[in-house]
Amino acid sequence: MRSAHCVEVTFEKSHARRFDLVFGADGIHSAVRKHRFGPEQDFVRFLGYYYAVVGTTDAVTAASPDRERATGWMYNEPGRMAVVGGPKAPELFVFASDPIDYDRGDITEQKRLLAAAYAGAGWRVPGLLAHLDDAPDFYLDSIARVEADTYTAGRVALLGDVAYGNTLGGFGTGLALVGAYVLAGELAAAGGDHHVAFGRYNEQMHRYAKVARKAGAGPFLAPKSPTRIRLRNWTFKSKALFGLMMRLTDSFATDIDLQDYPALRSAGRPGNVDHP
């Protein structure tokens with residue numbers, strides 16, 4: 001229930017409560033966004049790829065060479081990538097696909113989908129897939145981008161991947177931290193007036209989040225042809241091309257002038273908290 005003065009929130013495993021403001025920070029498949037802004041398909045755009053993060057068993061970890069566990073190895077076939085020992089997870093898979101209709105709560109089904117997507121793959125992939133049933137951790141999801149014209153509605157505000165997510169795009173953590181800072185700062189600067197604060201938050205973050213609206217990790221990680229794989233590899237091997245790519249990435253990531261919010265600093269000092 002919504003009113004001019006509060007939001008009444010119902011919970012699956014708790015009693016209903018009333019809040020002055022509600023912030024949705026519950027990921028790209030946000031329930032908050034769904035209930036207040038509309039269905040997921042209105043905001044989340046599938047980008048033609050899926051990824052899976054797999055936690056390995058102790059036996060698989062022990063069998064991997066020390067160098068492999070420390071540095072990671074990446075294997076590509078057209079439209080498919082497998083990484084072992086990378087910084088994100090013990091095993092990472094990225095593959096091109098049409099949209100797949102599956103139960104996001106059924107891990108067994110998802111493991112079968114991953115095995116089917118990599119049927120016939122070379123290198124060490126068959127051995128990695130053979131241990132899927134024993135994997136202690138497993139997560140599969142689409143590579144997708146959130147496209148939203150506004151991040152606020154009434155007394156509800158979205159931040160992080162809910163508002164400007166781009167799977168494996170490389171800017172998620174930074175955008176989430178900046179978004180939280182800007183939102184808190186504007187609320188403090190506006191003296192708690194969410195109408196003013198939300199307007200400023202939307203204006204600033206929509207401009208900065210353009211970096212997430214442009215990036216697409218799938219074609220880079222799992223190119224769909226041998227030629228594109230070679231071109232991607234040349235980018236890594238060439239110091240000039242790799243340096244240019246990193247400079248462009250840095251310019252996108254730092255393309256914002258963060259304001260200083262004195263009111264936010266003051267609000268955090270002892271003695272400045274109002275008690276009911």
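Figure 1. Glu77 stands opposite Arg80 in strand E6. The view, like those that follow, is taken from a predicted model. Strand E5 covers residues 73-77, and strand E6 covers residues 80-84. The two strands run antiparallel and are joined by 5 bridges. Together E5 and E6 make a hairpin with 2 residues between them. Gly79, in the turn, has a positive phi of about 80 degrees.

Figure 2. E6 is mostly covered, with 5 of its 5 residues buried. Which residues of E6 are buried on each side? On one side they are Arg80, Ala82 and Val84, and on the other Met81 and Val83, so both faces of the strand are covered. E6 also pairs with E7, in the antiparallel sense, over 5 bridges. Within this pairing, Val84 stands opposite Glu91 of E7. Strands of a sheet pair through backbone hydrogen bonds, either parallel or antiparallel.

Figure 3. Asn76 has its place in E5. Its relative accessible area is 16%, and the cut-off for buried is under 20%, so Asn76 counts as buried. The side chain of Asn76 reaches the backbone oxygen of Leu221 at 3.0 Å. A polar contact of 2.6 Å links the side chain of Asn76 with the side chain of Arg232. Neighbours within four places in sequence aside, Asn76 is in contact with Met81, Leu221, Ala222, Pro223, Ile229 and Arg232.

**Figure 4. Arg232 in helix H11.** Arg232 belongs to helix H11, which spans residues 226-237. Is Arg232 buried or exposed? With a relative accessible area of 5%, Arg232 is buried. Not counting residues up to four places away in sequence, Arg232 touches Met74, Asn76, Phe220, Leu221 and Pro223. Of these, Asn76 makes a side-chain polar contact with Arg232 at 2.6 Å. The side chains of Arg232 and Asn233 are joined by a polar contact of 2.9 Å. Pro219 is 13 residues from Arg232 in sequence, and the two are 9.5 Å apart in space, C-alpha to C-alpha.

**Figure 5. Helix H4 and its packing.** Helix H4 runs over residues 107-117. Its buried residues are Glu109, Gln110, Lys111 and Leu114. What do the buried residues of H4 pack against? They pack against strand E4 (44-55), strand E7 (91-96), helix H5 (125-130) and strand E8 (137-146). At the start of H4, a side-chain oxygen of Asp106 comes to within 3.2 Å of the backbone nitrogen of Thr108. An α-helix has 3.6 residues a turn, so residues three or four places apart point the same way.

**Figure 6. The open sheet of E3, E10 and E9.** This sheet has 3 strands in the order E3-E10-E9, and its pairing is mixed. Strand E3 (22-24) and strand E9 (152-153) stand at the edges. Each has a single partner strand, so one side of each is left without a neighbour in the sheet. E9 and strand E10 (residues 156-158) run antiparallel and are joined by 2 bridges. Ala153 stands opposite Val156 in E10.

Figure 7. Phe37 is buried, with a relative accessible area of 18%, and Phe43 counts as buried at 14%. One aromatic cluster is made up of Phe46, Tyr50, Phe93, Phe95, Tyr102 and Tyr118. Elsewhere, Arg124 lies over the face of Trp123, 5.9 Å from the ring centre.

**Figure 8. The whole chain, for orientation.** The protein chain has 13 helices and 10 strands. Of its 276 residues, 40% are buried. Among contacts with a separation of 6 or more, 68% are between residues 24 or more positions apart. The accessible surface of the chain comes to about 15800 Å², and 55% of it belongs to carbon and sulfur atoms.

Methods
Residues numbered from 1 in each chain as written. Predicted model: local features only at pLDDT ≥ 70, side-chain atom pairs only at ≥ 80, totals over all residues. Heavy atoms only, no water. Helix = DSSP H or I, 4+ residues; strand = E, 2+ residues; numbered from the N terminus. Buried < 20%, exposed > 50% of the residue type's maximum accessible area, 1.4 Å probe, protein only. Contact = heavy atoms within 4.5 Å. Areas by Shrake-Rupley, 256 points an atom, 1.4 Å probe, with all protein chains shown as cover. Phe/Tyr/Trp six-rings, centres within 6.5 Å; stacked < 30°, edge-to-face > 60°. Lys NZ or Arg CZ within 6 Å of the ring centre and 35° of its normal. Pairing = 2+ DSSP bridges. Polar contact = N/O pair within 3.5 Å; in protein donor to acceptor, adjacent residues only side chain to side chain.
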